[in-house]
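Visitor: I would like to learn how to read contacts, strands and pockets from a set of coordinates. Where do we begin?

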Amino acid sequence: STGNASLIDPDWNLTPAGGGNWSGLDLSPDGTRLAVTNGTDAGSQLWVKNLEDDSPPNRITFEGEFHVRPRWSPAGDSVVFISSLGGVGEPTQVWITAADGSGSPRRLAAADVEIEEALISPDNEWLVYRRGGTTANRDIYAMRRDVDSAGQPLIATDDDEKSPQLSPDNRWIAYVSDLTGAPEVYVQPFPDVSRGRWQVSVDGGVSPLWSPDGDALYYVATDGMLTRARIRATGTALAITSREPLFQMNQEYVDLNYPALEVTPEGERFLYFSFGTGQDAKVVWVRNGLAAALGLEG
């Protein structure tokens, strides 16, 4: 197995307060920092850990009590997240803050319903987010940054759509839909989704994740197997050329409503949370199917 256990402070307690669950983790674009949500006595707060040294993690949110699902900006200088900073009685919104904890968060998007996932496109021009509740009737919206004052429906049907992920070249959007009655991973062109749709998973799939070079999509199958679907793009068409099981993930590692898996920039290692008794959490690296805990645990 591949250790790297010394990269993360083993004394960092990540046990969520009140038995809550992890809401997300995200590696910076260069793979050197990890952003996570940690439930504490102060609520759900965002932290950033430098993976290249032994420095302690840095808390980057302080106002309010609910900040979850961090996503790095393309430049790696900011973190986008879902927050209740809009105030009591307001639906959750999209906010952004500096990755070093400086300054104050600012709002990127709000709606008359909850927004529960958000990301900035690789070209930094779009904000893509998921509106709706936590179990059904969810839709994916998009807005062009610094141009649109309000988001527009992108993938919004009578089906349930969630877990949007943009390809590294900004040309494709992957997501999960229950179009067939069960959650499956699909891909459509971005931003013009009218040009086609391709089903990536078979017999169920969640947590889509693009490979760094964009030639594959990873997803977690119904049986908990992390699967790699090879993709070939030809013009405006897409083909799924193969599906390959990689390694088994316990289902409790997987957030069914949000991608809870990361891959390093070189594409050699995966990163996800493992939960033990009492919701104690470990971060696990996996290379070639061999897992190694990083010591990031409660």
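Guide: Begin with salt bridges: a side-chain nitrogen of Lys or Arg lies within 4 Å of a carboxyl oxygen of Asp or Glu. This is a predicted model, so local features need pLDDT of at least 70, side-chain atom pairs count only at pLDDT 80 or more, and totals for chains, interfaces and linings use all residues. Residues are numbered from 1 along each chain as its sequence is written, and side-chain values use heavy atoms, with hydrogens and water left out.

Visitor: How many salt bridges does the structure hold?

Guide: There are 10. Take Asp-215 and Arg-230, whose closest N and O atoms are 3.8 Å apart. Asp-215 is in the loop between β17 (205–210) and β18 (216–221), and Arg-230 is in strand β19 (residues 225–234), so the bridge ties together parts 15 residues apart in sequence. Strands here are DSSP runs of E with at least two residues, and helices are runs of H or I with at least four; both are numbered from the N terminus.

Visitor: What does Arg-228 pair with?

Guide: Its partner is Glu-244, with the closest N and O atoms 2.6 Å apart. Arg-228 sits in strand β19 and Glu-244 in strand β20 (residues 237–248), so this bridge ties together parts 16 residues apart in sequence. Arg-228 is buried at 17% relative accessibility. Glu-244 is partly exposed at 34%.

Visitor: What does Arg-131 meet in a salt bridge?

Guide: The side chain of Asp-112, at 3.4 Å from N to O. Asp-112 is in the loop between β8 (106–109) and β9 (115–120), Arg-131 is in strand β10 (residues 126–131), and the two are 19 residues apart. Asp-112 is exposed, with a relative accessible area of 65%.

Visitor: Which ring does the charged end of Arg-131 sit over?

Guide: The ring of Tyr-141, 4.4 Å from its centre. The test asks for NZ of Lys or CZ of Arg within 6 Å of the ring centre and within 35 degrees of the ring normal.

Visitor: How do I read a pair of rings?

Guide: A pair of aromatic rings is described by the distance of the centres and the angle of the planes. Rings of Phe, Tyr and Trp (its six-membered ring) pair if their centres lie within 6.5 Å; planes under 30 degrees apart are stacked, over 60 edge-to-face, and the rest tilted. The whole structure has 7 aromatic pairs. In one of them, Trp-172 and Trp-198 have ring centres 5.8 Å apart and planes at 80°, so the pair is edge-to-face. Trp-172 is in strand β14 (residues 172–177) and Trp-198 in strand β16 (residues 198–199), 26 residues apart. Both are buried. Ring pairs also link Tyr-218, Phe-247, Phe-270 and Tyr-272 into a cluster.

Visitor: How do strands make a sheet?

Guide: Strands of a sheet pair through backbone hydrogen bonds, either parallel or antiparallel. Two strands pair if DSSP finds at least two bridges between them. Here an open sheet of 4 strands runs in the order β13-β14-β15-β16, with antiparallel pairing. Its edge strands, β13 (161–166) and β16, each pair on one side only. β15 (residues 184–189) joins β16 by 2 bridges. Val-187 has Trp-198 as its bridge partner in β16.

Visitor: How many bridges pair β13 and β14?

Guide: They pair over 4 bridges. Glu-161 has Ser-177 as its bridge partner in β14. The two strands form a hairpin with 5 residues between them, and Asn-170 in the turn has a positive phi of about 70°. In β13, 6 of its 6 residues are buried.

Visitor: What about pockets?

Guide: Rolling a probe the size of a water molecule over the atoms shows where empty space is left. On a 1 Å grid over the protein atoms alone, a pocket is an open set of points where a 1.4 Å probe fits, with protein on both sides within 12 Å along at least five of seven lines; lining residues have an atom within 4 Å of a point. Points are joined across faces, edges and corners, and a volume is the space filled by probe spheres set on them. The largest pocket holds about 680 Å³. Its lining has 28 residues, with Leu-27, Pro-29, Arg-71, Leu-166 and Glu-262 nearest its centre.

Visitor: Which element gives the most to the lining of the largest pocket?

Guide: β1, with 3 residues.

Note on methods: Buried < 20%, exposed > 50% of the residue type's maximum accessible area, 1.4 Å probe, protein only.
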